[in-house]
Amino acid sequence: STLLQIASLSKPIASTFAAGYFTDAGVSLDTPVADALAAANSPLRLRAAKGMPAEWAETVTLRQVSRS
């Protein structure tokens, strides 16, 4: 029970931190996640859900991720 209660709070806390971090670093929250990952030399990439256009993964922004 406690684990789930803590887990349900972690996303809004992490999103608030990330939004502040990116804003302080001068990165727009409207930056595509794919661009941010590439700029950080990360091997991670977003993929569109099965049956969805692959281009969708390229258009997801940091702002959208922080709201989901």
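Residues are numbered from 1 along each chain as the sequence is written. Because the model is predicted, local features need pLDDT of at least 70 and side-chain atom pairs count only at pLDDT 80 or more, while totals for chains, interfaces and linings use all residues; side-chain values use heavy atoms, with hydrogens and water left out.

The average pLDDT (the predictor's confidence in each residue, from 0 to 100) of the protein is 85, and 88% of the residues score at least 70. Where pLDDT is low, the predicted coordinates should not be read in detail. Among the elements, the lowest mean pLDDT, 79, belongs to α1, and the highest, 92, to α2.

The protein has 4 helices and 0 strands, and the order from the N terminus is α-α-α-α. These elements are DSSP runs numbered from the N terminus, with helices being H or I of at least four residues and strands E of at least two. Of the 68 residues, 15% count as buried. Here buried means under 20% relative accessible area, exposed means over 50%, and partly exposed lies in between, with a 1.4 Å probe and protein chains only.

The pocket comes next. On a 1 Å grid over the protein atoms alone, a pocket is an open set of points with protein on both sides within 12 Å along at least five of seven lines, whereas a cavity is a set of points where a 1.4 Å probe fits but cannot get out; lining residues have an atom within 4 Å of a point. The largest pocket holds about 160 Å³ of space, the volume being the space filled by probe spheres set on the points, which are joined across faces, edges and corners. α1 and α4 each supply at least two lining residues, and the largest share, 6 residues, comes from α1. The lining includes Lys11, Phe22, Leu29, Leu62 and Ser66. By class, the lining has 9 nonpolar, 2 polar and 1 charged residues. In this scheme Ala, Val, Leu, Ile, Met, Phe, Trp, Tyr, Cys and Pro count as nonpolar, Asp, Glu, Lys and Arg as charged, and the others, Gly among them, as polar.

Leu29, one of the lining residues, lies in the loop between α1 and α2. Leu29 is buried, with a relative accessible area of 15%. Leu29 and Leu62 are 33 residues apart in sequence, and their C-alpha atoms are 5.0 Å apart in space.

Which residues form a salt bridge? Asp30 and Arg63 do, with their closest N and O atoms 2.9 Å apart. Asp30 lies in the loop between α1 (2-24) and α2 (33-39) and Arg63 in helix α4 (residues 62-67), so the pair ties together parts that are 33 residues apart in sequence. The structure holds 1 salt bridge, a term that requires a side-chain nitrogen of Lys or Arg within 4 Å of a carboxyl oxygen of Asp or Glu. Both partners count as partly exposed, Asp30 at 46% relative accessibility and Arg63 at 31%.

Aromatic contacts are a further topic. A pair of aromatic rings is described by the distance of the centres and the angle of the planes. Rings of Phe, Tyr and Trp (its six-membered ring) pair if their centres lie within 6.5 Å; planes under 30 degrees apart count as stacked, over 60 as edge-to-face and the rest as tilted. By this rule there are 2 aromatic pairs. The ring centres of Phe17 and Tyr21 are 6.1 Å apart with the planes at 25°, so this pair is stacked. Phe17 and Tyr21 are 4 residues apart in helix α1, which means a separation of about one helical turn. Both Phe17 and Tyr21 are exposed. Tyr21 also pairs with Phe22, edge-to-face, at 5.6 Å centre to centre and 75° between the planes. Phe22 is partly exposed, with a relative accessible area of 24%.

Some single residues remain. Pro12 is placed in helix α1 and is partly exposed, with a relative accessible area of 46%. The C-alpha atoms of Pro12 and Ser66 are separated by 8.0 Å, although these residues are 54 residues apart along the chain. Asn41 is in the loop between α2 and α3 (56-59) and has a positive phi of about 55° although it is not a glycine. At 69% relative accessibility, Asn41 counts as exposed. Arg45 also lies in the loop between α2 and α3 and counts as partly exposed at 45% relative accessibility.
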